[in-house]
Amino acid sequence: MAAQPPRPVGERSMGSPREADRAPARSPAWAPTQARTPGAALVGQRESPESGLQEHYSNLCMEKSQKINPFILRILQEVDEEIKKGLAAGITLNIAGNNRLVPVERVTGEDFWILSRILKNCLYINGLDVGYNLLSDVGAYYAAKLVQKQLNLIYLNLMFNDIGPEGGELIAKVLHKNQTLKYLRMTGNKIENKGGMFFAAMLQINSSLEKLDLGDCDLEESTVHIGRMLKENHCLVVLHMCKHDIKNSGIQQLCDALYLNSSLRYLDVSCNKITHDGMVYLADVLKSNTTLEVIDLSFNRIENAGANYLSETLTSHNRSLKALSVVSNNIEGEGLVALSQSMKTNLTFSHIYIWGNKFDEATCVAYSDLIQMGRLKPDNTDVEPFVVDGRVYLAEVSNGLKKHYYWTSTSGESYDHSSNAGFALVPVGQQP
């Protein structure tokens, strides 16, 4: 067992004293080591933002012999300017490392150690985006401590940060008692099934988290544990489970739980292995579930039979679902036309995304008619009709449930309702 690292001066463990005696609060062996310096006693005073976050950051880096990250310094300077203008309420600190227009020095776990010391007392900051950086499990350790201490934080984006199972465990466990964080993105961190188990257990206890993204986290068939969680949790509103290797048995387990769940409004099971047999379970639960408003089935393989199952339910039973994405599901004309027909009788069903399937002439005419009669608004779908030699065709437009979820457009607005419709329909925490 690795030796417990020296703790930062003046900081306590995340658990109670009794918990700390048992397991040293899961302090990672790779946590940054701090030397006691003559100025260490002044840390508490320097953590006051009165002198400005930029100056505070520079001083703390110097005190702890940590290299200043110019990217962090620039962002903190911008926040200081916002504060001087009197715009200090509800600030989201955006330090995402994937800005292609401005070269940045990505934030490491050691950088985040210093940043977390500053942010824990900045109560006017309620959102933090450090996606696409290099935090690893080191940064996860300090992110967990920040969630514990910064009681105004409602949005935390840690996507694609090389966080592993141990880091995932630390973050999940600190959320057992947290009552403020509403939106957490762990997307792309390979926490694997081990880390996913801790999140599933946490969600049976946590009463504040409303939106969670565990997509592309190397979780496989996690639906048994997520299903148990959904039966107990009555707070979670949005759940992203893309790339979980979900098969038909998995969607059956989720649907079994959704009979008992009355809070989930947005379910993302895109990029899995669900076929038309799985749609039998989903179509059936939608007959009685009155909560789900957005379902993302993109990049599965439900085919015509699956589309017909959904269409039948949406036509004759369900009146709560607003948006459905069946992008790239090997659906042909018959199934796509059936879904279009359900929109004529179901006036709640307002958004549909179908690109990447097999369009025949009947499909093109059906969706062209919906748009022309005003039943389907152009911003609420990802196709646009055009006519060549008297025949109707469909072209792709850049609309969707989450077009700008994993990347930001380099031109125009980075967020708008038509490209990220799922978040406009089910707003939680920060957008998107």
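Asp137, Val138, Gly139, Ala140, Tyr141, Tyr142, Ala143, Ala144, Lys145, Leu146 and Val147 are the buried residues of helix α6. The model is predicted. Below are α6, its neighbour α7, with which it packs, and a helix pair, α11 and α12.

**Helix α6**
- Helix α6 runs over residues 136-149.
- From first C-alpha to last, α6 reaches 20 Å. That is close to the 20 Å expected at 1.5 Å a residue.

**Helix α7**
- Helix α7 is mostly covered too, with 8 of its 10 residues buried.
- Those buried residues are Pro165, Gly167, Gly168, Glu169, Leu170, Ile171, Ala172 and Val174.
- Their cover includes α6, β4 (183-185) and α8 (192-203).

**Helices α11 and α12**
- Helix α11 spans residues 276-285, and helix α12 spans residues 303-316.
- Their axes come within 8 Å and cross at roughly 10°.
- Angles under 35 degrees count as roughly parallel, so α11 is roughly parallel to α12.
- On the α11 side, the contact uses His276, Met279, Val280, Leu282 and Ala283.
- On the α12 side, the partners are Glu303, Ala305, Gly306, Tyr309, Leu310 and Thr313.
- By class, this contact has 7 nonpolar, 3 polar and 1 charged residues.

Terms used:
Residues numbered from 1 in each chain as written. Predicted model: local features only at pLDDT ≥ 70, side-chain atom pairs only at ≥ 80, totals over all residues. Heavy atoms only, no water. Helix = DSSP H or I, 4+ residues; strand = E, 2+ residues; numbered from the N terminus. Expected span 1.5 Å × (residues − 1). Buried < 20%, exposed > 50% of the residue type's maximum accessible area, 1.4 Å probe, protein only. Contact = heavy atoms within 4.5 Å. Axes fitted to C-alpha atoms, helices over the stretch in contact; angles between N-to-C directions. Parallel < 35°, antiparallel > 145°, perpendicular 65-115°, else oblique. Nonpolar A, V, L, I, M, F, W, Y, C, P; charged D, E, K, R; others polar.
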